[in-house]
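Dear colleague,

I am passing on the structure below, followed by some notes on what was found in it. Please read the notes with the structure open beside them.

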Amino acid sequence: MLVIPAIDIRHGQCVRLYQGKEDQETVYWKDPVEMATIWVNRGAKSLHVADLDGAFQGKPANLDKIALMKKMVPVPIQIGGGFRSMEAIDAAFKTGVDRVILGTAAVYNPDLVTEAIDKYGKAIAVSIDVSEDFVTVSGWKEISAVKFDDLARRMVALGVKTLLFTDTRKDGTLTGPNFGGIRTFLFAAEGVPVIVS
């Protein structure tokens, strides 16, 4: 099992939101680039970066910090948060990141997922963030009518090579993962590698 530390960026700082709620934020570190270096020095083989400002705004907002991270640490970095256009995806890859994660686009714009995969292949992942049985979108502010296992199957059929699963009700609560949901998700993923949050 590969443990991937997550660095969630909001207003330029490393934060954790309780269940993704903007008004329930804890700041854990001031400088995300410094935090990336700390994680790598502690043995991290890969980093996950969530651009929370990007997720809420609908377009990436911290690519400058991501570019600096890539210069400072020698490990793969994946980034998610607000990637809803090819322009945004292209801009992320120009920073040197190794993988871009799509979320909301998987529900509302599967053609974008296909276009991104055609251009970047396995460097495109899809994060399926859930509340009970349904997929959340737009920075977890909305719950769609799409069931998470159905979306996982659809993404596999489109050719997605990496999926992420997050139970938004568990995120930031320190109460442990949703094992039942994870099992259902793994079955729907049909052997595609899954990163669990």
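The face of α3 turned away from its buried side carries D64 and K71, which are exposed (over 50% relative accessible area, where buried means under 20% and partly exposed lies in between, with a 1.4 Å probe and protein chains only). This is a predicted model, in which local features need pLDDT of at least 70 and side-chain atom pairs count only at pLDDT 80 or more, while totals for chains, interfaces and linings use all residues. Residues are numbered from 1 along each chain as its sequence is written, and side-chain values use heavy atoms, with hydrogens and water left out.

Helices (H or I, at least four residues) and strands (E, at least two) are DSSP runs, numbered from the N terminus. Within α3, which spans residues 63-72, the buried residues are L63, I66 and M69. They lie on the same side of α3 because they cover an arc of only 110 degrees around the axis, the arc being that of the directions from the helix axis to the C-beta atoms. Their cover, judged by contact (heavy atoms within 4.5 Å), includes β1 (6-10), α1 (32-41), β4 (47-51), β5 (77-80) and α4 (86-94).

In α4 itself, M86, A88, I89, D90, A92 and F93 are buried, and among the elements covering them are α3, β6 (99-102), α6 (110-120) and β7 (124-131). Just after α4, G96 adopts a positive phi of about 100 degrees.

Finally, T136 belongs to strand β8 (residues 134-137) and counts as buried because its relative accessibility is 5%. Leaving aside residues up to four places away in sequence, T136 touches D129, V130, S131, E142, I143 and T168.

Best regards
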